[in-house]
Amino acid sequence: MIGYIRNMIKNSAVDGPGNRFVVFLQGCQFNCLYCHNPETIKSITLLTAKEVLEVREYSPKALVDTILPYKDYISGVTFSGGECTLQLPFLMAVCALLKAEGIHILIDTNGHIPLERLKRLCEHVDGFMLDLKALDSKNHKALTGLDNAQVLENFIVLNEAHKLYEIRTVIIPELVDDKALIDWVSAHDGCHLRYKLIAFRNHGVKGEGTKLTPPDTAYMRSIEKYAIQKGFKNIVLI
Ligand code: SF4
């Protein structure tokens with residue numbers, strides 16, 4: 001069994017609690033207008049001969065052997081991408097080995113994973129960081145290329161299972177129905193969650209995404225205030 005790894009960071013303070021070892025897996029179903037890691041989107045079979053040289057192949061054991069020397073210096077491992085759950089058998093095999101070593105595991109996901117697969121993964125990990133990109137399906141499709149029915153269903157399942165470490169929304173006033181999304185999360189028992197509200201920034205973004213307008217500080221504060229009024233207590237503005 002082989003996993004395709006785009007990158008690794010041995011010390012991250014922004015990918016979960018404490019100091020995280022982060023593994024970025026290749027491939028994503030979405031094609032977000034604001035993607036800051038567009039090189040991770042193509043699946044391995046679509047990469048050019050030159051691009052494929054930037055992706056490393058690991059067996060589950062080889063990846064765990066790479067991580068273990070850092071065990072005493074990290075709070076845990078976070079799997080990201082791309083969309084790491086696309087390589088589910090490999091991911092679950094790695095997680096099983098890491099769990100046997102007592103390592104805390106988080107999954108950074110866009111949430112577009114069939115429920116049965118998500119439930120299987122749940123058994124192997126400590127928590128998830130879930131992107132909620134938009135509430136309205138049309139907005140979500142305009143932003144990512146796909147609709148969000150699966151994402152919303154998975155939010156409910158993960159929340160009920162107490163497996164959500166964090167949810168995140170990138171705020172783009174012209175495209176993201178932020179208040180409706182906050183209302184929806186609030187109405188689905190999500191106010192206790194850590195909610196990261198991220199101001200869209202267009203540096204590093206390519207194509208159509210460069211035409212989108214970033215929110216100013218006043219707008220971000222107004223969204224934070226709205227979320228507080230709805231009952232959220234743990235909001236992180238970025
Ligand atoms: S889900 Fe993440 S990795 Fe995939 S396209 Fe969107 S921003 Fe990029």
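Me: Does Lys 61 count as buried or exposed, and what is its relative accessibility?

Reply: The model here is predicted, and a residue counts as exposed when its relative accessible area is over 50%. Lys 61 has 52% relative accessibility and therefore counts as exposed. Lys 61 belongs to helix H2, which covers residues 60-67, and although Lys 61 and Leu 97 are 36 residues apart along the chain, their C-alpha atoms are separated by 7.6 Å.

Me: Which residues does Ile 171 contact, leaving aside its neighbours within four places in sequence?

Reply: Ile 171 lies in strand E7 and is buried, because its relative accessible area is 1%. Leaving aside neighbours within four places in sequence, Ile 171 is in contact with Asp 178, Leu 197, Ile 198, Ala 199, Phe 200, Pro 215, Tyr 219, Met 220 and Ile 223. For one of these, Tyr 219, the separation from Ile 171 is 48 residues in sequence and 9.3 Å in space, C-alpha to C-alpha.

Me: How many residues apart in sequence are Ala 227 and Ile 171, and how far apart are they in space?

Reply: Ala 227 and Ile 171 are 56 residues apart in sequence, and 13 Å apart in space from C-alpha to C-alpha. Ala 227 has its place in helix H8, residues 217-230, and is buried because its relative accessible area is 0%. Beyond residues up to four places away in sequence, Ala 227 touches Ile 182, Phe 232 and Ile 235.

Me: Which residues other than glycine have a positive phi, and where are they found?

Reply: Such values deserve a look because most residues other than glycine have a negative phi. Among the cases here is His 162, with phi near 55°, placed in the loop between helix H6 (149-160) and strand E7 (164-171). Another is Asp 189, with phi near 65°, in the loop between helix H7 (178-187) and strand E8 (194-199). His 162 counts as exposed because its relative accessibility is 70%, and Asp 189 counts as exposed because its relative accessibility is 61%.

Me: Is the peptide bond from Gly 81 to Gly 82 cis or trans?

Reply: As a general rule, most peptide bonds are trans. The bond from Gly 81 to Gly 82 is cis, with omega near 10°, and Gly 82 is found in the loop between strand E4 (76-80) and helix H3 (88-100). Gly 82 is also one of the residues around the ligand.

Me: Which residues are around the ligand, and where does the ligand sit?

Reply: One can begin with the site and then go through the residues that surround the molecule. The ligand sits in the largest pocket, and the residues around it are Cys 28, Phe 30, Asn 31, Cys 32, Cys 35, Ile 41, Gly 82, Asn 110 and Lys 133.

Me: How do the residues of that shell divide into nonpolar, polar and charged?

Reply: The shell around the ligand has five nonpolar residues, three polar ones and one charged residue. Because Lys counts as charged, the charged member can be identified in the list as Lys 133.

Notes:
Residues are numbered from 1 along each chain as its sequence is written. This is a predicted model: local features need pLDDT of at least 70, side-chain atom pairs count only at pLDDT 80 or more; totals for chains, interfaces and linings use all residues. Side-chain values use heavy atoms; hydrogens and water are left out. A residue is near a molecule or strand if one of its heavy atoms lies within 4 Å of it. On a 1 Å grid over the protein atoms alone, a cavity is a set of points where a 1.4 Å probe fits but cannot get out, and a pocket is an open set with protein on both sides within 12 Å along at least five of seven lines; lining residues have an atom within 4 Å of a point. A molecule sits in a cavity or pocket if more than half of its atoms lie within 2 Å of its grid points. Helices (H or I, at least four residues) and strands (E, at least two) are DSSP runs, numbered from the N terminus. Buried means under 20% relative accessible area, exposed over 50%, partly exposed in between (1.4 Å probe, protein chains only). Contact means heavy atoms within 4.5 Å.
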